[in-house]
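I opened a new notebook page for this structure. My plan is to go from the whole chain down to single residues.

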Amino acid sequence: ETHSETHSETHSETQRETHTETHTETQRETHSVSKIKILLIPVGSSPLLKRTKYSLPSSSPWSSLLHFVRKLLLLPKEKGLHLYLGSAFEPNMNEQVGNLYECFKVGEEMQVQYSIQEAWG
């Protein structure tokens with residue numbers, strides 16, 4: 001057995017261990033945020049919801065939350081609805097809820113302000 005053979009075997013084992021550790025960390029991260037806890041907060045004269053806490057899959061687009069809140073409020077399509085993060089930011093409709101959660105979470109939830117009129121802008 002030569003020095004280079006021993007080095008190659010050791011290098012391969014190290015690569016496998018590193019790959020396994022990285023894979024496990026990725027699984028843990030993905031698993032921990034598969035569902036995002038959302039707190040809905042009314043702004044201005046927006047109707048109050050009986051229930052304000054919901055969960056949404058992290059892979060959902062922001063537009064799915066908008067449609068969901070619209071249904072909860074029984075708003076027709078022609079009636080405006082705005083969803084904000086940080087009391088100012090209205091995300092792009094294609095943005096994933098999980099990505100937004102990573103940037104705007106408060107504790108273990110994402111606080112979303114909703115308004116039937118433009119509140120900040």
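**Entry 1: the whole chain.** I counted the elements and got 3 helices and 5 strands in the protein. I noted that the model is predicted. Reading from the N terminus on, I wrote the order of elements as α-β-β-α-β-α-β-β.

**Entry 2: surface and contacts.** I looked up how much of the protein is buried: 30% of its 121 residues count as such. The accessible surface comes to about 8,400 Å². Carbon and sulfur atoms hold 52% of that surface. I then took the contacts in the protein with a separation of 6 or more, and found that 63% of them are between residues 24 or more positions apart.

**Entry 3: strand E3.** Which way do the side chains of strand E3 point? I found that His82 and Tyr84 point one way from E3, residues 82-85, while Leu83 and Leu85 point the other way. His82, Leu83, Tyr84 and Leu85 are all buried. Next I looked for the partner of E3 and found strand E5, residues 109-115. E3 and E5 pair in the antiparallel sense, over 4 bridges. Opposite His82 I found Ser115 of E5.

**Entry 4: salt bridges.** How many salt bridges does the structure hold? I listed 2. As background, I wrote that side chains of opposite charge can pair when their charged atoms come close.

Is Glu109 buried or exposed? Glu109 counts as buried because its relative accessibility is 16%, below the 20% cut-off.

Lys105 and Glu102 form a salt bridge through their side chains, at 3.9 Å from N to O. Lys105 has a relative accessible area of 39%, so I marked it as partly exposed. I marked Glu102 as partly exposed too, at 44% relative accessibility.

**Entry 5: a loop residue.** Where does Ser58 lie? I found Ser58 in the loop between strand E2 (53-57) and helix H2 (62-72). I put Ser58 down as buried because its relative accessible area is 17%, and buried means under 20%. Last, I checked Ser58 against Gln96, which is 38 residues apart from it along the chain. Their C-alpha atoms are separated by 6.8 Å.

How values were computed:
Residues numbered from 1 in each chain as written. Predicted model: local features only at pLDDT ≥ 70, side-chain atom pairs only at ≥ 80, totals over all residues. Heavy atoms only, no water. Buried < 20%, exposed > 50% of the residue type's maximum accessible area, 1.4 Å probe, protein only. Helix = DSSP H or I, 4+ residues; strand = E, 2+ residues; numbered from the N terminus. Pairing = 2+ DSSP bridges. Contact = heavy atoms within 4.5 Å. Areas by Shrake-Rupley, 256 points an atom, 1.4 Å probe, with all protein chains shown as cover. Salt bridge = Lys/Arg side-chain N within 4 Å of Asp/Glu carboxyl O.
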